[in-house]
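Student: Could you show me how to read disulfides in a protein model?

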Amino acid sequence: MHRLHSLALGAVTALSLVTAAHAQAAGLAREPYLQRVGTDSALVAFRVAAACSPTVYYGTHGSTDQQAKAPNQGTKHAIELSGLEPGTAYTYVVDACGVRTNPVTFSTASKPGVRSVHFTAVGDFGSNSRDQVEVARAMLGRAPELFLALGDNAYEAGTEAEFQRNLFEPMAPLLAQVPFFAVPGNHEYETNKGQPYFDNLYLPTSSTGGESYYSFDWGFVHFVGIDSSCALGLAPTSRCTPENQRKWVEEDLAASNAPWKIASMHYPPWSSGEHGSQLNIRKQFAPLFEKYGVDLVLTGHDHDYERSQPMVGDAPARSGTRAPVYLVVGSGGASLRDMGVSSKPSWSVLRNNGDHGYLDVKVEGGTLTAQMLTPSGKAMDTFSLTKTLPPEAAEPAPGTPSEPPAPGDSTTPPSIPGSSGSTPTLPSDKDLEDPEGLNSVAGGCSAGPAMALLPGALLVLGSALRRRRR
C-alpha cells in the first residue's frame, strides 16, 4: 500500500504547488494541514476567512464519496475523518463554504505489525526562507508517510502571525499531504509561554502533559516526542513539569514492545555546534534511552547536521554494543552557523554546517537506513542501524480460519534486543523499482503456459473432491 501511496503522492505533487492560489480564491485563510493521523482516523485542520461550517470530502482510490462536516460555524477548524483503514491512501478536498480546494492524498498509519516505515525529520526551519521552501519541496518529493518537526517551527518568537507566515504558508503543500508531528523549540516558548504553538497544532496527548509530550506507533516503530523546554523548567508548571515528563517517558518506553524506538526533542544531548551539548537533558533522558532500547534520538537547536557514535553514558559505546545514536538535524531553513569547536570531537562521526537539508529514514525489517539529503538530492551522510527481529507471523490464506494460540503463547511480541551499527548500505534504485514484481506481466499479454493448464487442473481437483466425499 505504501508503494501505491508513493505513486499517488507523486501524481498530485504538481497540483499541490498551485494549491496556495486556489485556497485564497476558495476563501481559506490557511490551507489544510494533517494532524493526529492514526490507523483509523485523521484531523484535517484549516482556517477560513469568514465564519462558516465547512465540509471535508474524502475517500479511497481517488474518490471523495464520504464526508465529514464541521460541527459548528467558525474560522478555525479541525475536522476528524473517522472509520479509516490502516495503511491506506485517502484523497480529500475541503469545501470552504462553497468553493473546493484541489484534491490531495495522504496515508493513514500502518498497523503495528507492518515492518516498513518511511519518514522525514528536520528542525530549525520556520523562517520563511528560500532554503526552507526548497527543503520542504524536496521532502514532499520523497513521499514520506510522516514528517517529524524538531522545534523552532516558527521564528522568531512563535507568535500567531509567525506560525502563519513562517510555517503554514511556505510548507503548505507538504503539510497538506504528509502527517506532521512536532515538538516545541525554545523560540516557540518566547511568546506567552508557548501558547500559540499549542493553539495552532493538534498533537497526540499524554496522560500527564497533554500535547507537550506524547508518543504514537506507526507500523513497528514507536515514536516519542519530548518537550525539552519543559525538561529545563522553562514551561509553565500548569502544563508540564520535568519530573512528570521524565516519569511518563520512562513508563511509556517500558510499556512499548515495538522493535524500533525513536525519540525526538529540540535541545541536543550531544552536539559540537554553536550551543553545544545540553548536559541537563542528557542526564535526564540518556539513561532511559539506553535502558529501554531507543535506537535513534533526533534533535535540532544547533543550525547544522551532526551524527554521534552509539553512546552510553558520557562516552561512545563499546564496539558491537547496542546504544542510541544522536543526531542534530537543525538545517531546515534558518541561517546555518559556525560549529562550537573547530575540530570534530572523538564521539562525533560526521558534521556539516555548510548545507541545508533534511533526514530521510526508511525502516525495513531489521534495518534502519538514514540519509541526510540536500534539496538537490546530494547525500551529506548515509548510515544504517541493524538488529535481529523474530520471523513475521504468516498471514492466513483468505477464507482460512485462524487457529487459537497454543497454551503459553503470547499474542504480544516481545521486545527483541539486537545490535546497532553504522554502515553505509543503501538499496539501489533498481531494487526499489518493482520489489513485488507488480509489472512482471504487461496489460493485455498472455499469462503463459500455467494459465493454459488451469482448466485441466480444476477438473482433476473436482474429481478428487467428489471421490473424497463418497
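**Reading the disulfides**

Tutor: First, the ground rules. This is a predicted model, where local features need pLDDT of at least 70, side-chain atom pairs count only at pLDDT 80 or more, and totals for chains, interfaces and linings use all residues. Residues are numbered from 1 along each chain as its sequence is written, and side-chain values use heavy atoms, with hydrogens and water left out.

Student: What is a disulfide?

Tutor: A disulfide is a covalent bond between the sulfur atoms of two cysteines. Here the criterion is a pair of cysteine sulfur atoms within 2.5 Å.

Student: How many disulfides does a search of the whole structure find?

Tutor: It finds two disulfides. One joins Cys52 to Cys97, with an S to S distance of 1.6 Å. Cys52 sits in strand E2 (residues 42-52), and Cys97 in the loop between strand E6 (89-95) and strand E7 (104-107). They are 45 residues apart. Helices (H or I, at least four residues) and strands (E, at least two) are DSSP runs, numbered from the N terminus.

Student: Why is the disulfide of Cys52 and Cys97 right-handed?

Tutor: Because the torsion about its S-S bond is about 80°.

Student: Where are Cys230 and Cys240?

Tutor: Cys230 is in helix H7 (residues 228-231), and Cys240 is in the loop between H7 and helix H8 (242-255). A disulfide joins them, S to S 2.4 Å.
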